[in-house]
Amino acid sequence: MSSSTDTRPARIMLLPGDGVGPEVINEAHKVLRAAAERFGHRFELCQGLIGGCAIDRTADPLPANTLSLCRQCDAVLLGAVGGPQWDDPLAAVRPEQGLLRIRSELGLFANLRPVRVYPALANNVPLKPEIVANVDLVVVRELTGGLYFGKRGREPVEGGEHAYDTMSYTTPEIERIARMAAMLARSRGGKLTSVDKANVLESSRLWRATVTRVIADEFPDVELEHVLVDSAAMHLIQRPRRFDVIVTENMFGDILTDEASVLAGSMGLLPSASLGDGGPGLYEPIHGSAPDIAGRNIANPIGMILSAAMMCRMSLGWIDAADCITAAVEHVLRTGRRTADIVSAGQTPIGTAEMGTRIADFVAIMDVAAKRSRETECVRT
Ligand code: NAD
């Protein structure tokens with residue numbers, strides 16, 4: 001971890017990627033510059049190709065040069081990858097391969113996805129305000145195992161083809177994600193929900209037994225419950241406040257976090273952090289490349305900006321900058337500024353760049369301590 005006491009500047013790798021990726025990463029950079037200037041932190045940037053743009057230029061969705069630069073940095077900020085021009089299912093290389101490979105090459109086995117409902121947006125959410133009010137949960141998704149990395153194949157059989165993917169986990173893979181989730185739960189409300197499908201899947205039975213043992217042996221102060229994934233999907237929209245930290249396998253986490261994004265009001269609002277056992281963390285919004293709105297200056301940059309705030313907190317040790325960026329986002333939303341995805345009837349949306357500029361402006365001037373106490377009052381009432 002780099003920090004303000006280090007003599008060298010923090011090294012940050014930018015991977016803008018495809019679609020809206022470059023647009024939202026520009027705004028994160030703008031806000032990061034404002035925060036670094038305000039708190040006296042120094043950073044230098046590297047930039048690389050990943051995804052579809054990397055395929056076009058190098059025929060490889062994760063060029064060796066990109067990976068090598070990432071390894072030399074303290075943290076990686078990623079926009080998004082993919083788009084219809086690279087969607088041919090028969091293509092030998094696809095943008096998503098770059099994403100899966102960078103996670104696996106950097107050993108990023110845990111993906112943390114916080115979901116908060118901002119009081120200012122509670123009325124923009126398709127669910128009733130009393131259901132979503134005060135939701136504040138984190139999904140810890142296992143990222144380098146399970147169905148997305150298991151043995152797969154296709155073979156001809158009589159009458160057509162046989163295609164298969166396998167969900168597999170080992171004890172150490174489950175232990176390390178359980179420990180990370182438990183440490184997070186300990187630093188928050190102390191409650192951990194492990195989500196699996198242990199009534200059907202063998203890999204889930206190992207998951208459940210391992211999580212139970214790790215928590216009992218190493219985290220007796222953490223309250224653990226097990227919930228089946230189908231039931232968890234229902235509870236997430238019926239009683240989301242019952243959750244504090246959720247830990248689950250790769251594909252279940254992928255699906256549940258997209259569902260959870262509805263609680264916040266838009267895919268464009270949610271950040272994520274992918275962490276491993278050392279080496280750089282990777283920070284990206286949970287949304288994809290949104291080709292339907294790319295290049296039009298209408299994407300919401302907040303998920304990307306909050307991902308940069310997570311990077312400041314978790315990889316760079318810039319807690320002051322992280323707090324300030326988070327507070328500035330809340331403040332801008334409270335003042336009624338909205339991008340098109342979160343605008344209410346009668347409001348005029350602002351563009352991607354203007355949203356980034358407004359957040360950066362607040363980062364430069366706002367009194368974080370005063371802002372936080374007011375926000376607490378606002379949440380309490
Ligand atoms: P998506 O997240 O790109 O878009 C889903 C919907 O949310 C779209 O209507 C889009 O306009 C909207 N949206 C997404 N981000 C937004 C933002 N910042 N502001 C406002 N609205 C936003 O998912 P998709 O359409 O299923 O996938 C599009 C492409 O992205 C595909 O090629 C897919 O493979 C790829 N993808 C990449 C990642 C990643 O890079 N991590 C994740 C998911 C999907």
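User: What is a cavity, before we look for one here?

Analyst: A cavity is a set of grid points where a 1.4 Å probe fits but cannot get out. Keep in mind that this is a predicted model.

User: How many cavities of 30 Å³ or more does a search of the whole structure find?

Analyst: The search finds one.

User: Which residues line the largest cavity?

Analyst: The lining is made of Met 167, Tyr 169, Val 195, Asp 196, Ser 203, Ser 204, Trp 207, Glu 249 and Phe 252. Two elements give two or more residues each: strand E8 (191-196) and helix H7 (202-218). H7 gives the most, with three residues.

User: How does the lining of the largest cavity divide by class?

Analyst: Five residues are nonpolar, two are polar and two are charged.

User: Now pockets. What sets a pocket apart, and what is the volume of the largest pocket?

Analyst: A pocket is an open set of points, whereas the probe cannot get out of a cavity. The largest pocket here has a volume of about 930 Å³. It is lined by 28 residues, and those closest to its centre are Arg 94, Glu 96, Gln 97, Leu 100 and Arg 152.

User: Which elements supply at least two residues of the lining of the largest pocket?

Analyst: They are helix H4 (95-105), strand E6 (152-157), strand E7 (160-165), helix H9 and strand E12 (281-285). H4 gives the most, with five residues. By class, the pocket lining has 13 nonpolar, four polar and 11 charged residues.

User: H9 came up there. Where does Asn 250 lie, and is Asn 250 buried or exposed?

Analyst: Asn 250 lies in H9, which spans residues 250-264. Buried means under 20% relative accessible area. Asn 250 has 1%, so it counts as buried.

User: What does the side chain of Asn 250 reach?

Analyst: The side chain of Asn 250 reaches the backbone oxygen of Gly 145, at 3.0 Å. Leave aside neighbours within four places in sequence, and Asn 250 is in contact with Arg 141, Glu 142, Leu 143, Thr 144, Gly 145, Tyr 148, Phe 149 and Tyr 169.

User: Next, cysteines. What is a disulfide, and how many does the structure hold?

Analyst: A disulfide is a covalent bond between the sulfur atoms of two cysteines. This structure holds zero. Cys 312 is in no disulfide, and the nearest cysteine sulfur, that of Cys 324, is 10 Å away.

User: Is Cys 312 buried or exposed, and what about Cys 324?

Analyst: Cys 312 is at 0% relative accessibility, so it counts as buried. Cys 324 is buried too, with a relative accessible area of 0%.

Note on methods
Residues numbered from 1 in each chain as written. Predicted model: local features only at pLDDT ≥ 70, side-chain atom pairs only at ≥ 80, totals over all residues. Heavy atoms only, no water. 1 Å grid on protein atoms, 1.4 Å probe; cavity = no way out; pocket = protein on both sides within 12 Å on 5 of 7 lines; lining within 4 Å. Points joined across faces, edges and corners; volume = space filled by probe spheres on them. Helix = DSSP H or I, 4+ residues; strand = E, 2+ residues; numbered from the N terminus. Nonpolar A, V, L, I, M, F, W, Y, C, P; charged D, E, K, R; others polar. Disulfide = S-S within 2.5 Å. Buried < 20%, exposed > 50% of the residue type's maximum accessible area, 1.4 Å probe, protein only. Polar contact = N/O pair within 3.5 Å; in protein donor to acceptor, adjacent residues only side chain to side chain. Contact = heavy atoms within 4.5 Å.
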